[in-house]
Amino acid sequence: MENMKKYIVPVEKLRKVCCGEELDFCRTTEDMQPPEDFIGQERAVRAMQFGLSMNAPGYNIFVVGPPGTGKSTYVQAVVSQAASAGTVPDDWCYIYNFSDKDRPLAVSMPAGEGRGFKRDVEELLADLRVNIPKAFESGDYENQKDAIIQGVQQKMTGYFHDLEVAALEDGFDMKRTPNGIIFIPLKDGKPLSAEEYENLPVQERREMEEIGRRLHKKLEDTFHNGRMLEKQAAEQIAGLEKQIALFAIGPLFDRLLEKYDKFPPIIDYLKMYLKDVTDNLEIFKSSAAAPERRHGPQEEQDPFIRYRVNLFVHNAKNGGSPVVIEPSSHYYNLFGKIEYRSQVLSLNTDHMMVKPGSIHRANGGYLVLQAKDVLSDAFAWDTLKKALKYRQATVENIGEQYRLVPTVTLRPEPIPLNVKVILIGSPQLYHLLYSLDEDFQKLFKVKVDFDTEMPRNPDNLRQYASFVNAVCQRESLRHFSRDGLARIIEYGSRLAGHQEKLSTRFNEVIEIVYEAAAWAQAEDSRYVEAIHVDKALREKVYRSNRLEEKLQELLTQEKILVDTSGRKVGQVNGLYVTGSGGYAFGRPARITARTYMGRGGIVNIERETKMSGSIHSKGVLTLAGYL
């Protein structure tokens, strides 16, 4: 028994009490200041600072740690701080592609100017719809147009007069009928009837037929010349209309061309815009009398939609680099989509229906995602890797590449991508991706590993006190006295499972801070004392230990037999841990064994139960062979 006493652990050694001398730096948490840095995660902080400072491709960040260590809170705080010192990225707009309407063009400009560009183009369109119809209302246009038409009519009248004179010279009279122009042969200046014509000699009739064919050929030539004159007149009228339109709207375009002369893609767009307007003057000329057609469901598409600008991403309100924390990481939220407009028995779309995703809004900054949510979407993970690999963001609806029959849709121009993606996940998920996905190692080179514990030293005790102070200030709670803070620190050691450590699972610590403060408020205590923390802990246990109490009853009623005195060969008492709903407790158990002479030599129980690895099995077999 004397030898056994040295293994006995005194009750006072079961936990390390936090004495007042350790907390002599404050009387209450009210005396402390909120922590400046994240507590107890030096390795993670250094890794995060390195990852944020690296701008090379592939240095995206994966934040690893168990739940409750404050990963998401820390990431949000540190990324927001880094983004505030960053540069504001450009605005992005999608514009109509006059060369290929199914491929809208992406143009960028400094932050804030995208909205101005959209407004300028909208004002330009409004001015065009007013100025163009007004320009064609002038009498000068009508006079010049009438002159062109009259000139054609006069020439056609002359052609027909010459044809009629030529027909009379050849002995024919030209008549206009509802069915067209006909030539009637003459005899002594009088038209021949059908009977008279049949009674003519054969040779004379043949001569008349030959003359008739020549006259019909001249008639066809006359009609051909008339069509050519009409075509020339139409071209002259179109040229006249373009000339008048350019005179009316040219200054409007010149003003924008001068304003955006530093943006070559916009200059090219405005020139194509002007050409398209002059080629489609009819829709502007008729728009004065017709109300503007809205592009709503079951209505005709707005004919002016191609003259509008889709402000895709605007960063005018950002004070630095954008930070997008996406709580719902499904495909369309991340990568945008192309919407469709419902019309009668059909669907259509245009460049104004291209909508951005989180990756577009975060372009030039930071995108924070939960790894589990991204991987739960069948398309999101692969698309994210492609975007990071090729450094461009493409808007494409799901399933376009899997359709048996391709459908007509848009192919918006991809946008160059410069974004730092930060994934937050568990250690198991990180190791799974690292082992099975070869692209993961190339794209997420920075691992930010969060620990669940930190040393219990004076510096960290101060950090704990500062942390409690920050929680109380943020949530307007009553501050903790020195004794109450001591109980919180002891609880932190208990969570860590080590007397010389403190837990960094601050979510669980915050729960006790909330509950102890609530009990202090119920008792109208000025500060949260040790009794309030103890009560919060007891109540937390009481809410979850129903199963433990039932097992204790079974033991006291001897329905579960566990001997606690005496000796018995081949029997020892053991303890195993049972967990239920976040609460764990020890349950006693009786362990028995039998020994007898066997036949098969050494038996590797772990191998028989298929629980051992190849190295362990090899070692046991080597030992068995030796024996």
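Student: Which residues line the largest cavity?
Tutor: In this predicted model, a cavity is a set of points on a 1 Å grid over the protein atoms alone where a 1.4 Å probe fits but cannot get out, and lining residues have an atom within 4 Å of a point. The largest cavity is lined by E548, L551, Q552, L555, I560, F585, G586, R587 and P588.

Student: Which elements each supply at least two residues of that lining, and what space lies in the largest cavity?
Tutor: The elements that each supply at least two lining residues are α20 (546-556) and β21, where helices (H or I, at least four residues) and strands (E, at least two) are DSSP runs numbered from the N terminus. The count comes to one cavity of 30 Å³ or more. As volume is the space filled by probe spheres set on the grid points, the space in the largest cavity is about 60 Å³.

Student: What volume does the largest pocket have, and which element gives the most to its lining?
Tutor: A pocket is an open set with protein on both sides within 12 Å along at least five of seven lines, and the largest pocket has a volume of about 1100 Å³. Of its 29 lining residues, Y491, R494, L495, L537 and V541 are the closest to its centre. While α17 (482-496), α18 (506-522), α19 (530-542) and β21 (583-592) each supply at least two residues of the lining, the most, seven residues, come from α17.

Student: Where the second largest pocket is concerned, which element gives the most to the lining?
Tutor: The second largest pocket holds about 870 Å³ of space, and among the 33 residues that line this pocket, those closest to its centre are F38, G70, T73, Y74 and A77. Two or more lining residues come from each of α2 (42-53), α3 (71-84), β16 (420-425), α16 (458-475) and α18. The most, eight residues, come from α3.

Student: In what order do the three strands of the open sheet lie, and which are the edge strands?
Tutor: The three strands form an open sheet in the order β3-β2-β7 with antiparallel pairing, two strands being paired if DSSP finds at least two bridges between them. Between β2 (residues 91-95) and β3 the antiparallel pairing runs over five bridges, and I95 stands opposite L105 in β3. The strands that pair on one side only, and hence form the edges, are β3 (105-109) and β7 (310-313).

Student: What pLDDT do local features need, and what is left out of the side-chain values?
Tutor: Local features need pLDDT of at least 70 and side-chain atom pairs 80 or more, whereas totals for chains, interfaces and linings use all residues. Residues are numbered from 1 along each chain as its sequence is written, and side-chain values use heavy atoms, leaving out hydrogens and water.
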